[in-house]
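User: I would like to go through this structure with you, one topic at a time. Could you begin with the contact between the chains?

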Amino acid sequence: MHRFANPARFQTLANAILPWTFGLTILGFGLGLYYALFNSPPDYQQGESVRIMYVHVPAALMAEGVYVFMAVASAIFIIWKHPLAALAAKSAAPIGLVFTGLALITGSLWGKPMWGTFWVWDARLTSVLVLLFLYLGYIALWQAMDDATKAAKTSSILALVGVVNIPIIKFSVEWWNTLHQPASIVRLGGPTIDSSMLTPLFLMITAYAFFFTTVLIWRLQGELAQRKLEKIFREQSK
Amino acid sequence: MILGAKQMILNVTMALFTTGEYGEFIWPSYIISIGALAVLAVLSWRRKQTFETRLKTLETQGKKTK
C-alpha cells in the first residue's frame with residue numbers, strides 16, 4: 001500500500017487503469033439502463049415505479065461506500081501521514097455528495113407514489129440527510145483553511161468522527177420503526193429480490209462503482225497537478 | 001428507414017412516459033441521476049485537463065528559459 005502513496009507511481013497506475021474503468025463505466029451504464037428501462041418486469045406492488053430503484057439503490061449504496069472510503073483514506077493520512085491519502089479523501093467528497101443528493105432526490109420521487117409523500121422524518125431518511133451535511137461540512141472545512149496540511153488534518157478528523165453515521169444508516173431500518181423498507185440486498189440471508197430485478201440492479205451498482213473510480217482518478221490527477229502548480233508558483237515568488 | 005427509426009424512438013419514448021400510474025416520476029429520476037453524474041464527470045475531467053495543461057505550459061516555459 002505504501003508503494004502507491006508515491007504520486008509518480010499513482011500516476012502510472014492511474015493511467016493504466018483509466019481506459020478500463022472508463023470503458024466499463026460506459027458499458028455498465030449502457031447495459032444497466034437497457035435492463036432497467038426495457039428488459040425488467042414491473043413489480044407486482046410498485047408497478048413501473050420499481051424502475052426508480054435502479055438509480056436510487058446504487059446511489060444510496062455508493063453514498064455510504066464513498067464515505068467509508070474517505071474515512072479509511074483519512075485514517076491512513078492520520079496514521080502514516082501520506083498526503084496522497086488526504087487528497088484521495090478530498091477528491092472523493094464531491095462524488096459522495098452527488099451520490100447522496102441523488103439518493104435523497106430519487107428516493108423522494110419514489111416515495112411520492114409509494115408512500116404518498118416526498119419526505120418523512122424517519123430514521124433512514126434523516127440519517128442519510130445527516131450524511132449529506134457531513135459531506136458538505138467536510139468540503140467546507142477543506143475550503144475554509146489556507147494551510148493545506150491543517151485542512152487535511154481537521155477534515156480527516158471530521159471524516160473519521162462522521163463514519164459513526166454509516167452503521168446508523170445501515171441499521172436504522174432495524175433499530176427504529178421506519179417507513180423505509182428493511183434491507184433486501186445487503187443482508188445475511190442473501191438478497192430477497194427476484195433475479196429479473198437483481199440483474200439491472202447489479203449492473204447499475206457496478207456502473208456506479210466504475211464511475212466513482214474513473215471520476216476519483218480524474219479528480220485526484222487534477223489535485224496533484226494543482227499542487228505542483230502551487231509549488232512552482234511558491235518557488236517563483238521566493 | 002430513417003422514418004422507421006424515428007417512429008420506433010417515438011413509440012419507445014411515449015411508452016416510457018406513459019408507463020404505470022406514476023410513470024412521470026420514472027423519467028425525472030433517470031434524467032436527474034444520469035444528468036448529475038454526467039455534469040460531475042465533465043467538470044472533474046475539465047478541471048484535471050486545465051491544471052495539467054497549465055502545468056505542462058509552465059514546465060515547457062521553464063525548460064526554454066533554462
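Analyst: The contact takes 26 residues from chain B and 28 residues from chain A, two residues being in contact if their C-beta atoms, placed from the backbone, lie within 7 Å. On the side of chain B that touches chain A, the largest share, 19 residues, comes from helix H2 (residues 26-65) of chain B. By class, that side of chain B has 15 nonpolar, six polar and five charged residues. Here Ala, Val, Leu, Ile, Met, Phe, Trp, Tyr, Cys and Pro count as nonpolar, Asp, Glu, Lys and Arg as charged, and the others, Gly among them, as polar.

User: What kind of model is it, and how are things numbered?

Analyst: This is a predicted model, in which local features need pLDDT of at least 70 and side-chain atom pairs count only at pLDDT 80 or more, while totals for chains, interfaces and linings use all residues. Residues are numbered from 1 along each chain as its sequence is written, and chains are lettered from A and ligands numbered from 1 in the order in which they are written.

User: How many helices and strands does chain B have?

Analyst: Chain B has two helices and zero strands. Helices (H or I, at least four residues) and strands (E, at least two) are DSSP runs, numbered from the N terminus. Of the 66 residues in chain B, buried ones make up 14%. A residue is buried if 20 or more other C-beta atoms lie within 10 Å of its own, exposed if 12 or fewer, and partly exposed in between, with C-beta atoms placed from the backbone.

User: What is B:Ile32 in contact with?

Analyst: Leaving aside neighbours within four places in sequence, B:Ile32 is in contact with A:Leu102 and A:Ile105. B:Ile32 is placed in helix H2 of chain B. It counts as partly exposed because it has 16 C-beta neighbours inside 10 Å.

User: Turning to chain A, what should helix H2 span?

Analyst: The 28 residues of helix H2 (residues 53-80) of chain A should span 40 Å at 1.5 Å a residue, and the end C-alpha atoms are 40 Å apart, which agrees. The expected span is 1.5 Å times one less than the number of residues.

User: At what angle do H2(A) and H5(A) pack?

Analyst: H2(A) and helix H5 (residues 148-162) of chain A pack at an angle of about 135°, with their axes 8 Å apart. Axes are lines fitted to C-alpha atoms, for helices over the stretch in contact, and angles run from 0 to 180 degrees between N-to-C directions. That angle makes H2(A) oblique to H5(A); angles under 35 degrees count as roughly parallel, over 145 as roughly antiparallel, 65 to 115 as roughly perpendicular and the rest as oblique. The crossing of H2(A) and H5(A) is left-handed, meaning that the near helix is turned anticlockwise from the far one by less than a right angle, whereas clockwise is right-handed. The residues of this contact divide into eight nonpolar, two polar and no charged.

User: How do H2(A) and H7(A) cross?

Analyst: The axes of H2(A) and helix H7 (residues 195-237) of chain A come within 9 Å and cross at roughly 40°. H2(A) and H7(A) are therefore oblique to each other, and their crossing is right-handed. Residues making the contact include A:Tyr54 and A:Met62 of H2(A) and A:Pro200 and A:Met204 of H7(A). By class, this contact has 16 nonpolar, no polar and no charged residues.

User: Is A:Ala36 buried or exposed?

Analyst: A:Ala36 counts as buried, with 24 C-beta neighbours inside 10 Å. It lies in helix H1 of chain A. Leaving aside neighbours within four places in sequence, A:Ala36 is in contact with A:Arg51, A:Tyr54, A:Pro200 and A:Met204.

User: Lastly, at what angle do H3(A) and H4(A) pack?

Analyst: H3(A) and helix H4 (residues 123-144) of chain A pack at an angle of about 150°, with their axes 9 Å apart. They are therefore roughly antiparallel to each other. H3(A) passes H4(A) in a left-handed crossing.
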